[in-house]
Amino acid sequence: MRVSQLAAVAGIFASPALAWNTDVHQQIAYAAEEFLTPFTRIILKQLLEPEYKGSLGRVGAWADGFRKTPEGAHTETWHYIDPADDPPAYCNVYPNRDNTLKGSIVSALTNQTQILKGCIKKAKTGHIRHGEDETCAQAVKFVTHFTMDVAQPLHVSGIAAGGNGFPVTFAGVETNLHSIWDGAIIYQLAGVKQFQNETLQPFFKNIVSRIKKDNFFTPTSDWISCTDPGTPTKCVLAWARDTNDWTCDYVYSQMFNGTDVATSGYAEGAYPIVEIQVAKAALRMASWFNRLVDGLYKEREVITRLNPSWVGGPAAGA
């Protein structure tokens with residue numbers, strides 16, 4: 001491989017691997033916009049600051065930038081959950097065991113959904129028209145972002161800090177397992193170095209088309225079988241467990257043996273997984289927002305008993 005080619009590939013891994021790459025987040029959110037109802041679009045435009053023009057794509061990666069600021073540092077653990085499972089031998093997610101004291105993606109997406117319910121009511125009554133409420137604008141951004149993060153298998157994996165400490169070689173570059181699932185695999189599949197971020201790009205237009213045609217190896221109806229904002233913890237946990245299954249079924253189940261995973265067959269085997277996971281994220285995101293705006297839920301999730309966390313987990317039994 002030429003030096004110039006290696007430099008181009010290395011650019012893919014330049015930032016620490018902590019989420020779908022910025023452009024991938026934006027593209028998934030642009031794809032989700034294709035499934036929003038007209039009324040949902042109106043409400044989101046009222047809740048977001050004017051510079052975002054009501055676009056989920058424009059705010060898709062906001063949460064990653066926010067957590068790097070002093071005021072957003074407390075949200076670092078909100079982007080993932082680290083299960084104390086043992087893939088590929090067995091996979092599972094239990095919030096009481098796996099949540100940190102600062103929270104996880106399960107608790108954060110639940111909490112931001114609850115905040116958003118009140119915000120939508122304010123927008124409907126005209127009390128929010130142009131993103132004046134910072135908490136509400138942030139709730140939209142967090143929900144947008146976390147519905148994507150929870151679909152990335154390494155965001156629901158406790159092994160080697162979600163794969164960040166799992167070294168691999170991709171196209172001649174030393175990187176880590178988390179990083180290649182964030183972007184390198186999907187870039188190779190799409191035949192791009194990165195995606196343009198102003199509009200929906202051809203690869204994701206095809207994803208949208210396939211969702212509409214129900215052209216994936218599992219029915220799209222299964223992906224949104226739990227999209228009731230009245231039971232946010234139940235649904236977010238179902239999404240997390242669905243994603244976590246891939247860490248047993250594929251992510252950690254292959255033999256690496258020091259090979260280059262870009263050409264060993266590992267990346268190619270991951271293609272359909274990446275495709276379906278970004279598609280799930282887009283459809284779930286849109287369905288979640290639509291149901292929130294339409295009010296198609298009942299407030300019936302009441303937790304009457306708070307079980308202590310697992311003493312061996314990140315919260316140490318607290």
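This is a predicted model: local features need pLDDT of at least 70, side-chain atom pairs count only at pLDDT 80 or more; totals for chains, interfaces and linings use all residues.

**Charged pairs**

I began with lysine 122 and aspartate 133, whose side chains meet in a salt bridge at 3.5 Å, N to O. I count a salt bridge when a side-chain nitrogen of Lys or Arg is within 4 Å of a carboxyl oxygen of Asp or Glu. This pair links distant parts of the chain, 11 residues apart: lysine 122 is in helix H7 (residues 105–124), and aspartate 133 is in the loop between H7 and H8. Helices here are DSSP runs of H or I with at least four residues, strands are runs of E with at least two, and numbering goes from the N terminus. Lysine 122 is partly exposed, because its relative accessible area is 38%. My cut-offs: buried is under 20% relative accessible area, exposed is over 50%, and partly exposed is in between, with a 1.4 Å probe and protein chains only.

Residues are numbered from 1 along each chain as its sequence is written, and side-chain values use heavy atoms, with hydrogens and water left out.

Next I looked up lysine 280 and aspartate 242, which form a salt bridge at 2.8 Å, N to O. They sit 38 residues apart and link distant parts of the chain, with lysine 280 in helix H13 (residues 266–294) and aspartate 242 in helix H12 (residues 232–251). Lysine 280 counts as buried because its relative accessibility is 5%, whereas aspartate 242, at 24%, is partly exposed. Arg284 joins in too: Asp242, Lys280 and Arg284 are linked in a network of salt bridges.

How many salt bridges does a search of the whole structure find? I got seven. One more that I checked joins aspartate 98 and arginine 97 at 2.6 Å, N to O. Aspartate 98 is buried at 2% relative accessible area, and arginine 97 is buried at 13%.

**Rings**

I then counted aromatic pairs and got 17. The rule: rings of Phe, Tyr and Trp (its six-membered ring) pair if their centres lie within 6.5 Å; planes under 30 degrees apart are stacked, over 60 edge-to-face, and the rest tilted. Tryptophan 62 and phenylalanine 142 are edge-to-face, because their planes are at 70°, and their centres are 5.3 Å apart. Tryptophan 62 lies in helix H5 (residues 62–66) and phenylalanine 142 in helix H8, so the pair ties together parts 80 residues apart in sequence. Phenylalanine 142 is buried at 2%.

Tryptophan 181 and tyrosine 266 are edge-to-face as well, 6.3 Å centre to centre with 85° between the planes. Both belong to a cluster linked by ring pairs, which also includes Phe166, Tyr250, Tyr252 and Phe256.

Is lysine 141 buried or exposed? Its relative accessibility is 3%, so I put it down as buried. Lysine 141 is in helix H8 (residues 134–149) and touches Leu48, Glu49, Tyr52, Val59 and Trp62, not counting residues up to four places away in sequence. Contact means heavy atoms within 4.5 Å.

Lysine 212 lies over the face of phenylalanine 35, at 5.9 Å from the ring centre.

Conventions. A charge sits over a ring if NZ of Lys or CZ of Arg is within 6 Å of the ring centre and within 35 degrees of the ring normal.
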